[in-house]
Amino acid sequence: MKFVDDFRHAPSARALLAALRRDVHPGATYRLMEFCGGHTHALWRYGLQELLPPEVRMIHGPGCPVCVLPSARVDLAIALAQHESVALCTFGDLLRVPGSHRTSLLHARAAGADVRSVYSPAEALELARREPTRQVVFFAIGFETTAPATALLLEQARELGLTNFSVHCNHLLTPSAMTSILESTQVRRLAAVPIDGFVGPAHVSVVIGSRPYEHFAEEYRKPVVIAGFEPLDLLQAILMLVRQVNAGQARVENQYRRAVTREGNARAQAVVSRVFELRRTFEWRGLGTIPYSALRIREAFSDLDAEQRFPLTLPAGRENPACQCGAVLRGALAPEECPLFGTLCTPESPIGSCMVSSEGACAAHYTFGRRSRRASPPPASTEVGR
Ligand code: SF4
């Protein structure tokens with residue numbers, strides 16, 4: 001664990017916090033959005049949120065793929081699972097997200113649908129090989145991080161000549177969503193908060209590199225610092241953002257240099273572009289319809305595309321009117337400001353998607369916010385977050 005311990009070193013954390021306190025301008029407000037749900041989780045898990053100077057306000061972004069799928073997509077997954085002969089495979093978090101009628105994939109499974117939870121897309125392929133009489137559908141979700149694995153899966157299925165396997169593609173793209181948060185009049189109409197800079201996604205950037213954010217930073221004049229998920233990564237990235245804001249700069253900086261390059265992973269990008277193309281539009285929960293913000297399967301792989309194999313037309317999804325997930329995902333509302341937070345909506349019994357995944361802002365606030373309010377400050381010799 002030595003490698004990890006280096007990034008949780010308490011004296012270094014205290015030095016970064018002291019530098020932050022020195023650098024923030026009293027009376028100013030630094031509104032920084034961490035796009036990625038992994039960062040939200042880390043901020044709360046390690047108690048960093050409470051250690052930051054009051055001038056720094058962290059705004060949780062829509063970077064949790066389970067949270068941003070609208071009810072209509074969950075309805076679609078449920079309808080697919082109810083299809084005779086289909087075995088629907090997806091990641092465990094999605095199973096508990098309620099659709100339009102407060103039913104979820106878990107409810108569908110309890111009612112007899114064949115729904116399987118997988119840790120890796122390869123398990124879905126293996127199931128198709130093992131059970132040739134079932135039509136195995138992998139309901140693929142995630143950002144640029146998980147898209148290469150799904151693309152490889154489709155190429156492998158093609159090589160194996162599987163006729164009982166298909167993928168329902170719901171992969172999303174990060175930079176277009178960030179642009180939309182800043183620019184889209186639709187998002188502004190829905191109420192969004194002003195943002196002074198972004199903590200850029202870590203795993204996504206390992207794949208796409210830091211370069212896609214350059215145009216975005218120049219065009220919209222917002223600094224971006226790509227950061228890792230450890231406490232020192234986040235504190236250093238926040239300090240770098242504060243310094244850029246103070247200097248009136250808007251550049252892309254890479255704090256996560258141990259994993260992210262400017263160009264990203266060329267092999268992963270190549271397999272994604274062989275298999276996927278851009279969707280013209282995609283609806284995100286809380287952000288509305290965003291142009292060119294998601295991937296679809298190319299025509300060359302249409303025989304493995306579940307959207308072609310099982311064409312479904314469903315009525316428009318209906319969000320629970322009491323749920324404030326949309327506003328939370330735009331950073332317009334803190335989780336605790338939702339009237340259902342911690343009462344009717346808890347991780348054990350979620351009403352909205354942000355309470356389901358551990359990367360969801362509501363789940364992070366509920367799990368770690370309550371704990372940190374109860375906990376006493378750590379002794380000086382302990383490491384951050386322990
Ligand atoms: S507390 Fe529950 S209902 Fe409210 S915004 Fe969060 S997830 Fe949605």
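Biologist: Where is tyrosine 46 found?

Modeller: First, a word on the numbers: this is a predicted model, where local features need pLDDT of at least 70, side-chain atom pairs count only at pLDDT 80 or more, and totals for chains, interfaces and linings use all residues. Residues are numbered from 1 along each chain as its sequence is written, and side-chain values use heavy atoms, with hydrogens and water left out. Helices here are DSSP runs of H or I, at least four residues, numbered from the N terminus. Tyrosine 46 sits in the loop between helix H3 (37–45) and helix H4 (48–51).

Biologist: Is tyrosine 46 buried or exposed?

Modeller: Buried means under 20% relative accessible area, exposed over 50%, and partly exposed in between (1.4 Å probe, protein chains only). Tyrosine 46 has a relative accessible area of 8%, so this residue is buried.

Biologist: Which residues touch the most other members of the largest nonpolar core?

Modeller: A nonpolar core is a set of buried Ala, Val, Leu, Ile, Met, Phe, Trp, Tyr and Cys residues joined through side-chain atoms within 4.5 Å. The largest one has 71 residues, and those touching the most other members are Leu88, Leu105 and Trp284.

Biologist: Which side chain makes a polar contact with the side chain of glutamate 155?

Modeller: Glutamate 155 lies in helix H9 (residues 147–160) and counts as buried at 18% relative accessibility. A polar contact is a pair of N or O atoms within 3.5 Å; within protein, one must be able to donate a hydrogen and the other to accept it, and residues adjacent in sequence count only if both atoms are side-chain atoms. At 2.7 Å, the partner is arginine 274.

How values were computed
Helix = DSSP H or I, 4+ residues; strand = E, 2+ residues; numbered from the N terminus.
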